[in-house]
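Please have the sequence and the structure at hand while reading.

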Amino acid sequence: MKKKCKNIDITDAQTVRPWVEDCIRRHKKRHDFRKLIQRHGVTKENYWKAVNENDFSLIEPAIDSIAEDAVRQIKARRLELEPVRIRKQQDKTTGKIRMIGCECAMQQVFDYIAVHSCKEIWDARITMQQCSSIPERGQIYGMKLIKKYVLADERAMRYAKKHKKKYVRKCAHHAKLDVRQCFPNAKKEIFLRLFRHDCGNEDIIWLWETLMATHETEDYHGFMIGALVSQWAAQYMLSFLYHKAMTIRYRDKKAIGRMVMFMDDMLVMGSNRKALLLAIRELTEYAASLGFEIKENFMIHKLHKAPIDMMGFMIHENGKVELRGRNYLKARRLMFRYQRKGYLTTEQCKRLVSFKGFYKYSDYSGNFKIFKYAQERLSKGGTKDGKSGVFGTAGADPVPAAG
């Protein structure tokens, strides 16, 4: 690939201003960004007026000032940043302890500049099959992509059978691979070596090197969780796994027919079980050369016997989409609780609403009344019925549980 970003000038305030504005718009309500905005000439009264009345013109002078300050630091080759803080946090879903990074507001501005300036590289390297951390490419996008592959395979099989032609299914077998601790175990030096090969702009390379170096602490040495540059750096490196997978061959045929990636979770599909197994082993060796370790606890399944379990959905051979078992059970318990007691607490409403997308985009055809109830209670801030943090009215109409 030819070197990219040669004509991107991150030492020009007008170039970086739209990226700074994107960052401020997204995070303007946070206390650290409030302080940053006020330090750059916006009064406290104008700040709150801009936030409450959604009048962004009141903050624009601060955006210009922040962009000029960022350019000044890049030109001087010296970023004036507060030290990054690392804190431990338990994942409520999996129970895992994760090391989460906390950057100052100005460093997050530089993160946005670094990421936006490399759009040419992301467009060239990151594939459409990578379905996380990228705008408009989340769980629903990934589920629909898998469903599209499965249905296309099914239609081609029916057509071949009808016209008595030979067709080998591309999605006959599937396996789900996982990278062990993708962010903590990622190697910055490998990323920077690959990045220098693709980037032809010394200013951008220097900015990435400097930002990644700030993530180094005594206890942490990988990509820092919570940083925008880490998110895109990981996607960039994982794209090499996809390109490698599509080149692996078995008996002069592609060993992996389809591949979909949800950050470090990878779904590989193929027509031949032995070919798929050999391809996974070769892909594991290649991943090790990039500093990643693919877990060995994968299993290869036949699609007509076991549906694809990915991104919270179960996709069957005929294209039917269901909820993942544990998500279904968690949501069902909340529905039954509402039927029994006639109300849900604030936390329970939040948990139930988080499952709505899985029901909405699956083939579930039941009643969505309970989701509407939970959303309305949360949007109103809740009408207390005498219980602390409890929404609802005793004896409320029961809602049919999912089935």
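## Burial and the predicted model

A residue is called buried when its relative accessible area is under 20%, and exposed when that area is over 50%. The model discussed here is a predicted one.

## Two residues with positive phi

M263 is buried because its relative accessible area, 14%, falls under the 20% cut-off. This residue lies in the loop between β6 (258-262) and β7 (265-270), and, although M263 is not a glycine, its phi is positive, at about 55°.

D252 is likewise a residue other than glycine with a positive phi, in this case near 65°, and its place is in the loop that runs between β4 (249-250) and β5 (253-254). With a relative accessibility of 71%, D252 lies over the 50% cut-off and therefore counts as exposed.

## The second largest pocket

The volume of the second largest pocket is about 560 Å³. Its lining is made up of 24 residues, of which V115, H116, S133, P135 and W232 are the closest to the centre of the pocket. Two or more lining residues come from each of the elements α1 (13-27), α5 (105-117), α6 (119-125) and α11 (228-245), and α5 gives the most, with five residues.

Sorted by class, the lining of this pocket holds 10 nonpolar residues, together with seven polar and seven charged ones.

Note on methods:
Residues numbered from 1 in each chain as written. Predicted model: local features only at pLDDT ≥ 70, side-chain atom pairs only at ≥ 80, totals over all residues. Heavy atoms only, no water. 1 Å grid on protein atoms, 1.4 Å probe; cavity = no way out; pocket = protein on both sides within 12 Å on 5 of 7 lines; lining within 4 Å. Points joined across faces, edges and corners; volume = space filled by probe spheres on them. Helix = DSSP H or I, 4+ residues; strand = E, 2+ residues; numbered from the N terminus. Nonpolar A, V, L, I, M, F, W, Y, C, P; charged D, E, K, R; others polar. Buried < 20%, exposed > 50% of the residue type's maximum accessible area, 1.4 Å probe, protein only.
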